[in-house]
Amino acid sequence: MKHVLILAGLVGLVFAQSQPDSTAVETGAQLTAFLDRSETPLNRTVELTLRLEWYGELDRYEVYTFDNPLLENLKIISNSSANRVSRVEGKTRSVQDFTYRLQPTNLGMGYVEGMIVRYRDLQEERDFRLTTNRLQVKIVDPIPEPRSKTRLVGLILIFLLIAVGVLGWIYRRRVLERRDQQLREAAAAAIPLEQRCLQELRQIEDDATEADPMAVLNQLVRLLRRFLHEKYSCPGLESTSTEILRDLEQKGLDDRLLRMVQEILNQSDLLKFTGRQADRHEL
């Protein structure tokens with residue numbers, strides 16, 4: 001009897017070791033990248049899908065924002081995303097799709113470089129990183145476009161000619177105005193961030209004597225927040241002071257500068273919450 005029990009135990013051990021680890025298969029997220037075709041004419045598009053899927057609820061993971069894919073001989077003309085949840089063998093399966101519509105630029109081979117997607121497990125509070133392989137598509141000669149109805153095309157052309165004749169002078173005028181605006185914006189963008197903010201700060205200071213103190217306070221705080229956002233990629237104007245300070249601390253900002261920013265934000269929050277008017281010294 002003893003030998004029979006030992007033999008049964010060995011058989012059970014071997015059987016257990018031969019079974020697949022379903023937990024390992026069904027936990028974590030899986031990233032897949034694929035193109036909807038391996039060959040496309042020059043005058044058609046190809047669709048790139050980046051698919052992240054896992055077993056569990058849709059809110060189990062948080063996907064960090066990632067850059068657009070690096071492309072060769074292709075360009076992005078549109079993109080979209082979609083979520084869906086289904087039941088597979090009694091388990092919840094969540095899928096996030098990120099879709100890019102790509103337009104070939106020249107004949108030959110088009111490439112989508114490997115991508116990196118970072119996500120966070122909200123239950124375990126851990127970050128993970130997934131990567132994809134390089135994809136390729138062959139770009140061949142363009143195919144003939146479908147023939148349009150001649151009469152409809154003629155009517156459209158007549159309408160366009162009339163519209164161009166009536167609005168031509170307006171169009172030329174707007175082109176000139178737009179060109180002047182672009183030149184002004186380009187000139188403004190060439191000025192360093194610090195110099196632009198100092199100019200705004202001096203203007204606020206010049207207007208502070210006649211302006212409402214709380215309005216001046218709001219201008220100062222918005223200027224500081226915008227500078228931190230552009231300089232250090234901090235959260236935007238809608239974020240709380242605590243979120244901004246935490247982000248600066250994580251970025252390793254100098255302790256002295258961090259204390260200065262903290263003092264300004266805390267003082268402005270105190271004035272706003274108490275409703276007390278700020279004097280010129282405080283501003």
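Modeller: Happy to! Let me begin with helix 5, which covers residues 213-232: its 20 residues reach 28 Å from the first C-alpha to the last, close to the 28 Å expected at 1.5 Å a residue. That expected span is 1.5 Å times one less than the number of residues in the helix. Helices (H or I, at least four residues) and strands (E, at least two) are DSSP runs, numbered from the N terminus.

Two notes on the ground rules before we go further. This is a predicted model, in which local features need pLDDT of at least 70 and side-chain atom pairs count only at pLDDT 80 or more, while totals for chains, interfaces and linings use all residues. Residues are numbered from 1 along each chain as its sequence is written, and side-chain values use heavy atoms, with hydrogens and water left out.

Back to helix 5. Its buried residues are M214, V216, L217, V221, L223, L224, R225, F227 and L228. Buried means under 20% relative accessible area, exposed means over 50%, and partly exposed is in between (1.4 Å probe, protein chains only). The cover over these buried residues includes helix 4 (193-207), helix 6 (241-250) and helix 7 (255-274).

S233 is not a glycine, yet its phi is positive. You will find S233 in the loop between helix 5 and helix 6. With a relative accessible area of 55%, S233 is therefore exposed.

Strands pair through backbone hydrogen bonds, in either a parallel or an antiparallel way. Here 3 strands make an open sheet in the order 4-9-10, with antiparallel pairing. The edges are strand 4 (61-63) and strand 10 (126-131), each of which pairs on one side only. From one strand to the next, the twist averages 30°; axes are lines fitted to C-alpha atoms (for helices over the stretch in contact), and angles run from 0 to 180 degrees between N-to-C directions. Strand 9 (residues 116-121) and strand 10 run antiparallel and are joined by 6 bridges, where two strands count as paired if DSSP finds at least two bridges between them. D121 stands opposite R126 of strand 10.

The aromatic rings come next. Rings of Phe, Tyr and Trp (its six-membered ring) pair if their centres lie within 6.5 Å; planes under 30 degrees apart count as stacked, over 60 as edge-to-face, and the rest as tilted. By this rule there are 4 aromatic pairs. One of them joins Y61 and Y119 edge-to-face, at 5.1 Å centre to centre and with 85° between the planes. This pair links distant parts of the chain, since Y61 sits in strand 4 and Y119 in strand 9, 58 residues apart. Both Y61 and Y119 are buried. Y119 also stacks with F128, at 5.5 Å centre to centre and 20° between the planes. Y119 has a relative accessible area of 4%, so it counts as buried, whereas F128, at 26%, is partly exposed. W54, Y61, Y119 and F128 together form one aromatic cluster.

Two arginines also lie over rings. A charge sits over a ring if NZ of Lys or CZ of Arg is within 6 Å of the ring centre and within 35 degrees of the ring normal. The charged end of R118 sits over the ring of Y64, 4.6 Å from its centre, and R134 lies over the face of Y111, 4.0 Å from the ring centre.

Beyond its neighbours within four places in sequence, L135 contacts A33, F34, L35, L48, G110, Y111 and V112, where contact means heavy atoms within 4.5 Å.

Stepping back, the chain has 7 helices and 11 strands. Buried residues make up 25% of its 283 residues. Of the contacts with a separation of 6 or more, 65% are between residues 24 or more positions apart.
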